Amino acid sequence: MQTQYKFTVFGILAVLVWSAVLHVMRIVSEDFGAIGGATLIYSVAAIFLVLFLGFPKMKSYPKSYVIFGGVLFVAYELCLSLSLGFANSRTQSAQVLIVNYLWPLFTILGAIISRSNSANTVLLFCGSILAFTGVYMVVSGDTSLSIESLVSSIVSNPMAFGLAFGGAIIWAVYCNLTKMLSNGQNAITLFFIFTAITLWVKWCLIEQGLQSNFSFYKVCLLVVAGGGMALGYALWNKAIIGGNMILLAVISYFTPVFSGIFASWILGISLTTGFWVGVIAVTLGSLLCWQSTRASVNNNNVAVSDA
């Protein structure tokens, strides 16, 4: 029992680390550019993961998992990091991140569509409406549900919001396919290496120089961002081995709330009432969707991802 408690604490720490470190990624992107910052962060994270978990052995992973899982993972991480980097402001980066947190809802819907899970239709419908309404309020910036405000926010930066929304769908597909293809293996270190290589290739092709000179402070933030991502994955790895998966599922759905708190502290921004009401709606909506499939989740943990 004490061992399970320890692993569960690892999972809670992983969620808190992720909630904070993504905002540090935004600051690094401001220092080195959207693509340059992401390239450096994932390179540092890959190095840390190799140090924490060892160098991945390709032969130990199913080929289908490496190919399909790798492509989806890289695509998601590119969407996530670039959506934060391309946000027009720190406030918008916080909004973009909440859009990304639609992935639990899409994961559950994907599991139902693939018939690997069943759900209470009423709870699922209510949860879905609540989650989307929450994102609507977060993006529009107010509680009036004004179509004009929503459209204005999205039109101001369709790339950032589009990447975040697309990333949420991609991650949901990844979560469901990983369950089917991984055969119990975790290739997270390999996937991070793939992501770093992809970003270096992209950076070289566009020949975009770093937007800032290195300094001690900026290098420290870079290490915190890359090391934090690696630490989060390493902790979650441990957590899913022997932790309380039901508790971890519930805690992971509160990530938008933690993210909002850290955004206000780390980025030094003042978030609107509409933002916080939206965050709460997204969280409650995700919990309702999770509750609708709880019986099945207890058996296969489909709705709990490794990120």
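Me: In this predicted model, how many salt bridges are there by the rule used here?

Reply: The count comes to two salt bridges.

Me: What makes Arg26 and Glu30 a salt bridge?

Reply: Their side chains meet at 3.1 Å, N to O. The cut-off is 4 Å between a side-chain nitrogen of Lys or Arg and a carboxyl oxygen of Asp or Glu, so the pair qualifies. Both residues lie in helix α1, four residues apart, about one turn of the helix.

Me: Why can residues spaced like that point the same way?

Reply: An α-helix has 3.6 residues a turn, so residues three or four places apart point the same way.

Me: And what makes Arg90 and Glu30 a salt bridge?

Reply: The closest N and O atoms of Arg90 and Glu30 are 2.9 Å apart. That is within 4 Å, so this pair counts too. Arg90 lies in helix α4 (residues 90-100) and Glu30 in helix α1, so the pair ties together parts that are 60 residues apart in sequence. Put together, Arg26, Glu30 and Arg90 are linked in a network of salt bridges.

Me: Why is Arg26 called buried?

Reply: Its relative accessibility is 7%.

Me: Why do Glu30 and Arg90 get the label partly exposed?

Reply: Glu30 has a relative accessible area of 33%, and Arg90 has 27%.

Me: How do you know whether His23 is buried or exposed?

Reply: His23 comes out at 1% relative accessibility, and the cut-off for buried is under 20%, so it counts as buried. His23 sits in helix α1 (residues 2-32). Leaving aside neighbours within four places in sequence, His23 is in contact with Leu97, Ser259, Phe262, Ala263, Ile266 and Leu267.

Me: How do you know that the length of helix α9 agrees with what its residues should span?

Reply: Helix α9 (residues 188-206) has 19 residues, which should span 27 Å at 1.5 Å a residue. Its end C-alpha atoms are 27 Å apart, so the two agree. Among the buried residues of α9 are Ile188, Leu190, Phe191, Phe192 and Leu199.

Me: What about the chain as a whole: how many helices and strands does it have?

Reply: There are 14 helices and zero strands. Of the 307 residues, 54% count as buried. For contacts with a separation of 6 or more, residues 24 or more positions apart account for 87%.

Technical notes
Residues numbered from 1 in each chain as written. Predicted model: local features only at pLDDT ≥ 70, side-chain atom pairs only at ≥ 80, totals over all residues. Heavy atoms only, no water. Helix = DSSP H or I, 4+ residues; strand = E, 2+ residues; numbered from the N terminus. Buried < 20%, exposed > 50% of the residue type's maximum accessible area, 1.4 Å probe, protein only. Contact = heavy atoms within 4.5 Å. Expected span 1.5 Å × (residues − 1).
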